[in-house]
Amino acid sequence: MNKKIIAILMVALVAFASGVFAQEKVTLNVLNYADATQAGYSDEVALWAKFQADNPDITIVKEELNNEPFHQKVATYVAAGQMPDVFYSWPGGRSTAVQKKHLAKDLSKLLPKDLLALWPAAALNPKAQDSGYLSELPRAITYTSVMYTNVKLLKDNGLAIPKTYAELKRMVPKLKAKGIIPVAMANKDTWVMQSCLFSTISGRIAGDAFIDQVLAGKAKFTDKPFVAALTFVDTLYKDGVISRDSIQTPYGDVPGIFASGKAAFLIDGDWRQAAFLTDKTSGTALISPAAQKSDFALVEFPAIPGEKNPGLISAVLGTGMSISAAIPAGSAKAKAAVKLLTWWYGKEWTTMGLETGAYIPARKDIKSDKVEPFTTMMSAYYASVPKTGYVLDGVLDAAVCTPLNDGLQQIGLGTKTPAAVASDMQAAFDTWKAAQK
Amino acid sequence: MARKRPLGTEEGRAYWTMVLPAFVIYMVVMAFPILLSIVLSVSNYNGGKMFGGEQWTVIGFQPYARLGIDPAFWMALRNNLFIVFISVFGQIPLGFILAYLISRRLVKFPDFWQTVIYIPNIISVVVVGILWQTIFSPYGPLSEIFNKLYQANFHSHLAAIFQSFGQFDIKNVPDSLAQKIVNLAGPTAASNFSNPVADLKDLMQSYDANQSGMLVNDLTNLLAPKWSMDFLNHRETAMLPVLFVILWMYTGLYLIMFLANLEKIDVQIIEAARIDGASEGQVMRHIILPSLSGVIVNLAILAISGSLNSFALIYAMTGGGPARITEVLSIYMYDKAFMNGAFDYPLANAVAMVMVVISFILIGITKAFEKKFGGKE
């Protein structure tokens with residue numbers, strides 16, 4: 001009898017103890033990428049608060065940065081070799097070091113299978129990430145080149161959306177005569193031209209297969225197709241389609257320029273649509289939903305002379321959240337991190353992303369009727385693109401991409417020829433390739 | 001020669017008790033990072049845990065060799081030397097002259113001028129950088145003002161040309177009119193049209209007869225010369241605005257330092273010299289400058305080290321662009337260390353070492369000058 005009582009007491013004690021441990025708080029350090037000035041930020045803040053309230057056993061210590069400060073912070077974390085427990089990341093590009101050093105866990109082994117099944121196969125392709133595994137689950141496929149078009153402005157000046165480059169070029173004097181910038185771009189940051197336009201031009205004229213051949217050492221950047229793509233950028237500046245002033249225009253300036261009707265077109269990534277949407281806290285929008293619908297269109301860059309891939313637009317796997325590889329497998333912290341990510345990729349968060357226009361989710365089951373016209377138009381834009389191609393900073397090492405980014409500015413300034421830029425890239429590529437052996 | 005202080009003696013123990021904490025702090029906070037930077041500059045370390053992480057080894061002077069063949073490095077070095085030059089030969093002489101004028105009461109309202117000149121120093125460098133970036137922006141106030149002036153001038157000339165042709169059929173613009181407008185526009189016409197006269201005629205003929213006012217305004221928009229900050233895009237001149245802002249911002253600092261030291265010079269000596277018939281120039285050359293030679297050297301050292309470290313102002317103002325033509329060594333180093341996702345710590349540390357060596361050389365030259373030409377305070 002005594003033994004039975006002792007056994008029961010022991011079981012109760014173990015149950016109590018495990019209960020106590022289950023109640024033990026886990027702290028997760030999160031490095032989030034967020035722009036507090038972006039419409040929809042308040043929704044994001046509210047959802048983080050909700051997760052915290054629903055999960056009292058997890059304490060979220062969140063650090064939020066965006067643009068360069070974010071990347072700089074990541075760089076210092078990488079230098080220290082200690083990433084935050086959960087962090088926002090790219091599949092390559094600016095997160096190359098994080099990915100190549102395998103500082104993130106493989107999410108394909110951690111996230112629930114039924115959740116992963118909601119993503120298209122392209123988003124789950126491990127080879128599309130620099131790590132070679134699913135170090136982050138892309139929440140979207142990012143189209144890096146969209147031509148935001150002020151249709152009303154064109155119409156008021158007797159113009160229509162151009163189908164060919166020649167048509168676009170013909171518009172330039174008419175628009176300039178009205179004091180309108182034909183195509184706004186913020187080329188002060190060197191990545192913008194490369195990511196938001198040149199990758200598309202290169203894809204259309206040279207093609208991804210050509211880039212693959214260069215990477216395999218079977219072709220060179222100095223070959224005709226790639227130099228032709230660079231030459232087209234020179235043409236854009238010489239024709240006045242893109243002003244040389246754009247090289248002094250900061251990235252933050254262009255939404256205002258475009259929304260205020262000072263430019264007929266804006267070339268930027270799909271993420272830029274969020275800058276124009278309604279901010280729920282203030283109820284204001286750079287472009288009102290009614291105007292989005294009636295006065296604007298999202299179109300692809302017109303047909304380029306000599307293109308062999310008509311309609312191609314550069315696209316890349318989007319961003320997502322990663323879990324630090326340093327968290328011990330199976331630990332309470334690892335479980336908490338998985339719980340956080342399962343929620344972050346869940347329906348509620350992803351729907352919020354869609355409704356605030358932050359991104360068009362790759363997750364297949366997300367639908368909403370609370371989206372603004374630009375978001376609906378962006379989905380239609382994706383559907384209209386016949387073929388996607390490489391975003392060059394996603395496939396080229398930074399050592400090769402830097403002379404490209406700088407070179408595109410130098411072409412714009414007229415201080416370097418397209419052939420010289422191609423030559424610089426090839427030299428950088430040869431050096432980089434030799435260092436890999 | 002330094003005295004020996006054996007640890008066994010009371011003097012020795014007292015000595016080490018007082019010196020050791022400072023020595024340890026110095027070694028940990030100053031010497032260790034410098035030594036580590038030297039080691040990293042000749043290594044293949046590329047981030048991560050330094051001990052127990054990825055293996056890294058000393059590979060020799062490869063990073064320095066890579067620096068040597070990178071044109072961007074030489075451009076950054078050249079820009080840094082420009083800044084050193086404007087600091088030593090711009091800020092210090094200007095600061096001294098202004099301080100002299102104020103301290104000798106050669107200007108009215110000396111306190112006002114002292115405050116005005118010093119004010120840029122109390123504003124955050126990032127704010128100053130953004131402020132001047134906005135001023136120099138193609139959509140900034142400077143461009144706006146100049147373009148309005150150009151446009152007004154062009155508009156009046158264009159209106160005169162239209163007037164000289166009197167009434168004409170807008171759907172059949174005379175070649176001579178188009179030619180006159182093209183001549184007035186000069187290079188702007190060539191940059192807008194591949195065949196200026198014919199294209200301009202086409203454009204003009206798209207207007208209606210009752211839109212002549214609009215036509216003149218539109219042609220002004222299209223063809224008036226644009227005042228653009230084109231010099232910001234040329235490697236020979238892009239640093240000029242940066243140098244101007246540096247001069248504008250930091251001259252006040254040297255002014256204050258010179259003022260403080262000028263106050264220390266005995267006024268009676270100056271007065272005596274003046275009574276003996278010395279001119280203001282002679283007072284400056286024979287009394288004030290020799291008295292301040294040590295201060296000038298110290299300020300030059302400060303200016304050199306500050307110039308080589310200059311980062312925030314230029315980063316906020318130009319980000320080193322366009323196409324790196326305003327990059328300085330610290331931005332180049334930062335770019336290699338933290339940008340583009342792939343971090344090159346050996347190269348970044350090699351840059352840091354180069355900056356230290358250049359600092360020592362320039363400071364050595366300054367000291368040598370002071371030894372040869374300086375007076376006694």
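This is a predicted model: local features need pLDDT of at least 70, side-chain atom pairs count only at pLDDT 80 or more; totals for chains, interfaces and linings use all residues.
**View 1. Where the two domains of chain A touch.** Here 11 residues from domain 1 of chain A meet 12 residues from domain 2 of chain A. Look at the side of domain 1 of chain A that touches domain 2 of chain A: you'll find two nonpolar, eight polar and one charged residue there.

**View 2. Chain A as a whole.** Zoom back out and you can pick out 19 helices and 13 strands in chain A. The C-alpha trace of chain A spans about 100 × 55 × 35 Å along its principal axes.

**View 3. Inside chain A.** How much of chain A is buried? Buried residues come to 47% of its 437 residues. Now count the contacts in chain A with a separation of 6 or more: 77% of them join residues 24 or more positions apart.

**View 4. Chain B up against chain A.** This contact takes 33 residues from chain A and 29 residues from chain B. On the side of chain B that touches chain A, α8 (187-192) and α10 (212-223) each supply at least two residues. Which element gives the most to that side? That's α10(B), with four residues. By class, this side of chain B has 12 nonpolar, 13 polar and four charged residues.

Methods. Residues are numbered from 1 along each chain as its sequence is written. Chains are lettered from A and ligands numbered from 1 in the order in which they are written. A residue is buried if 20 or more other C-beta atoms lie within 10 Å of its own, exposed if 12 or fewer, and partly exposed in between; C-beta atoms are placed from the backbone. Two residues are in contact if their C-beta atoms, placed from the backbone, lie within 7 Å. Ala, Val, Leu, Ile, Met, Phe, Trp, Tyr, Cys and Pro count as nonpolar, Asp, Glu, Lys and Arg as charged, and the others, Gly among them, as polar.
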